[in-house]
Structures are given as structure tokens and as C-alpha cells.
Amino acid sequence: MIQHETDKRAVLAYTFVGAIMMAAMICSFCVGKYPISMREIGQLLCGGDVTGMTRKVFYTLRVPRTCMAILSGAGLGLAGAVYQIIFKNPLASPDIIGISSGANLGAAVAIVTMGGSMVSVASGAFVGGLLAVLMVVLLVRATRSTATSTYVLAGIIIAAVAKAFIMLLKYYADSESQLAAIEYWTMGSLASVTASKVLAILPFWMIGFAGLLLLRRQVEMLSLNEEECRALGMRLRPVRLCVLALSTLLVASVICVTGLISFTGLIAPHIAAFIIRRKNTSTMILSAMVGGTILLISDILARTLYAAEIPISILTTMIGVPVLVWFMCVRKGRRV
């Protein structure tokens, strides 16, 4: 009976969040400095007669940007849910094992040493995120510990080292161009997204996303204590490393294009768990949907609230902080 009610709640949640995401997607296609009406979108999709500018804006700007917002939010939401489940920490996010800090360092190095082209920055961020997790794994292996807390502590150490190097790069960076570029990248933006960039990261995103969904049962088992996992026949170290690698690939594939996006990977799992009342496979899927919806709405606001586009992390933070405060007041320390 409990399982049936949980499944029913999950289906209703998928339907509700999916409807909001579809509405946000349509709105994202329409709004911007060059507005496009629903009638024009219908004509575009049906091969009707529209102006060349409308066609160019829709296919060159709006479609890639909307798709990237969904992919980014879904990837960060799913990765955040996985981190919170396996680390048993409600504050877990891509920062917890140094991915964001490593990507930030890689992007900063590319900006200062390689001219700061989009290809070099994206490549630097991607490599930086992967190297950060590799360093975390090597540090954990050096301690010969399999405890989950060891990964968290190693992530904090690597993140602190990365931030120290970032501050050093900022100190020596050119204040008129390089420093501004580093700061802008840390605030995140979808303004420079193109179809080629979406297609370039799509294979990595799909491997990470599909891999985590295929390992969803193992992720649920990792929420148990180590003795219970071993009793169920799980090989802790390889499974945990595989999950971390897939999560890292998913997050790195997103932020190497968008820059750092705050709070989405943190609040999406909380909202999903609050709706479903449990942390399981359904929570992971709903977290991806909630993350995509949050980022779509944030991107719409980023390009409509002010004449100049607002960095998206400002909007996600403005959405995320009240949500977390509300959870603190409502839940009063209770677990979902």
C-alpha cells in the first residue's frame, strides 16, 4: 500500500513538474530582445512563411539556448540528488567533491594563459573538473579509507587548493580583460550557447545521465551503511568510483559551456524529495526535471528583467536561498 501511494505520488509529481517545464520551454522560445509569437512558432514548425530574422533567431538562438538550459538543469539536478544520497549529506552538491572548483581553476588557467577563447575555456573547465575528482580519488586511496566522509573531506581539501590557485591567477591577471572574464565565468551564463556547443557536449552528457539512471539501484544501496552494502554483495569501492565518475562527467559537460551555476544542484533534490517524501530512484528522476525547470525559469528572467542580461547564477541564488530558508522553517530538522 505504501509503495503504491509512493508510485502514485511520483506519477503526479512527474506530470505536474513536466507541465511547468513545458510551459517554461514555450515561454523560453518566445521571450527575449526579439520576441516571437506562438503563431510564428507554429508556422516555423509547420513550414509556413515567416521572416528570415524570425527563423534565424528561433533556430540559431532560442532552440539551442532552451535545450542547453534543460540539459544543464537536469544534469545538475540529477548529480545533486546522487551526491546527497550517497554522501548522506543534505548540503551535498557538485562542490562537495571539488568539481566546481576544479572546473573554475581550469577555466581561469585557460583565460590567463591561452587567450580565453570559448574552446580553450570550455576545454580547460572540463579537464579541470575531471582532474579535481581524480585528485580526490587519489587522496582517498592514499588514506586507505572507504568511508564516505573521507571523500567529502578530500573534496573540501581539493576545493580549497583550487581556490587558492584561482586567487593567485586573479592577482596576476590583467585587470581590464582577464580578471573580468574569470569573474563572469564564475557567475554562469547561457548567452553564448550555440547549437555546435550543445552537440559537442551532448555525448558526454548522455553517458553521464544514462549511466547514473542505469546504476540507480546501486545508488540507492549506497545510501545504506557500509556493512549493509557488503552484506548485500556490493563491491563498495568500484561502484562508488563509477558513480562519482559518471556524476563528474555529467556536471563537467554542463559547466564547461555555461560556467558555474549555483544552487541548482543543491535545491532541486530538496524540492523533489519534499514532493515525493522519499529519497529513491523517483527522487533522482524528479530532481532532474525540477533542475531543468528551475534553470529554464532563471534563464527567462535573466534575459527579460533588465536591458543587459543578468548572469544566471544570480537568479538561481535568488531562487535557491528563499527555498532553503523555507525548508529550514517548515521541516525543522526532520528528514524526508
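This is a predicted model: local features need pLDDT of at least 70, side-chain atom pairs count only at pLDDT 80 or more; totals for chains, interfaces and linings use all residues.

User: Pick one. What do the side chains of D299 and R65 do?
Analyst: They meet in a salt bridge, with 2.8 Å from N to O. D299 sits in helix α13 (residues 281-302) and R65 in helix α3 (residues 52-86), so this pair ties together parts that are 234 residues apart in sequence.

User: Are D299 and R65 buried or exposed?
Analyst: Both are buried.

User: Which residue does R303 meet in a salt bridge?
Analyst: R303 pairs with D299, at 3.2 Å from N to O. R303 is buried, as is D299.

User: Which residues join into one network?
Analyst: R65, D299, R303 and E309 do. Their salt bridges share partners, and that links them.

User: What about R217 and E220?
Analyst: Their side chains form a salt bridge too, at 3.5 Å from N to O. R217 and E220 are three residues apart in helix α9 (residues 216-222), so about one helical turn separates them.

User: And how accessible is E220?
Analyst: E220 has 24% relative accessibility, so it counts as partly exposed. The cut-off for buried is under 20%.

User: Why do such side chains pair at all?
Analyst: Side chains of opposite charge can pair when their charged atoms come close.

User: Back to α13. How far apart are its end C-alpha atoms?
Analyst: They are 32 Å apart. At 1.5 Å a residue, the 22 residues of α13 should span 32 Å, so the two values agree.

User: How many of the residues of α13 are buried?
Analyst: 19 of the 22 are buried, so α13 is largely enclosed by the rest of the structure.

User: New topic. Which residues of helix α2 are buried?
Analyst: In α2 (residues 38-45), the buried residues are E40, I41 and L44. They cover an arc of only 100° around the axis, which puts them on the same side of α2.

User: What follows α2?
Analyst: G47 follows α2, and its phi is positive, near 80°.

User: Where does F263 lie, and what is its phi?
Analyst: F263 is in the loop between α11 (236-258) and α12 (264-276). Its phi is near 75°, a positive value in a residue other than glycine.

User: Is F263 buried or partly exposed?
Analyst: F263 has 25% relative accessibility, so it counts as partly exposed.

User: Which residues does T316 touch?
Analyst: Leaving out residues up to four places away in sequence, T316 touches I261, S262, F263, T264, L295 and S298. T316 itself is in helix α14 (residues 312-331). T316 has a relative accessible area of 1%, so it is buried.

User: Last one. How do α4 and α5 pack?
Analyst: Helix α4 (residues 99-113) and helix α5 (residues 118-143) pack at an angle of about 140°. Their axes are 6 Å apart. The crossing of α4 past α5 is right-handed.

User: Which residues meet there?
Analyst: From α4, the residues are I99, G102, A103, G106, A107, A110 and I111. They meet S120, V121, G124, A125, G128, G129, A132 and V133 in α5.

Key: Residues are numbered from 1 along each chain as its sequence is written. Side-chain values use heavy atoms; hydrogens and water are left out. A salt bridge is a side-chain nitrogen of Lys or Arg within 4 Å of a carboxyl oxygen of Asp or Glu. Helices (H or I, at least four residues) and strands (E, at least two) are DSSP runs, numbered from the N terminus. Buried means under 20% relative accessible area, exposed over 50%, partly exposed in between (1.4 Å probe, protein chains only). The arc is that of the directions from the helix axis to the C-beta atoms. The expected span of a helix is 1.5 Å times one less than its number of residues. Contact means heavy atoms within 4.5 Å. Axes are lines fitted to C-alpha atoms, for helices over the stretch in contact, and angles run from 0 to 180 degrees between N-to-C directions. A crossing is left-handed if the near helix is turned anticlockwise from the far one by less than a right angle, and right-handed if clockwise.
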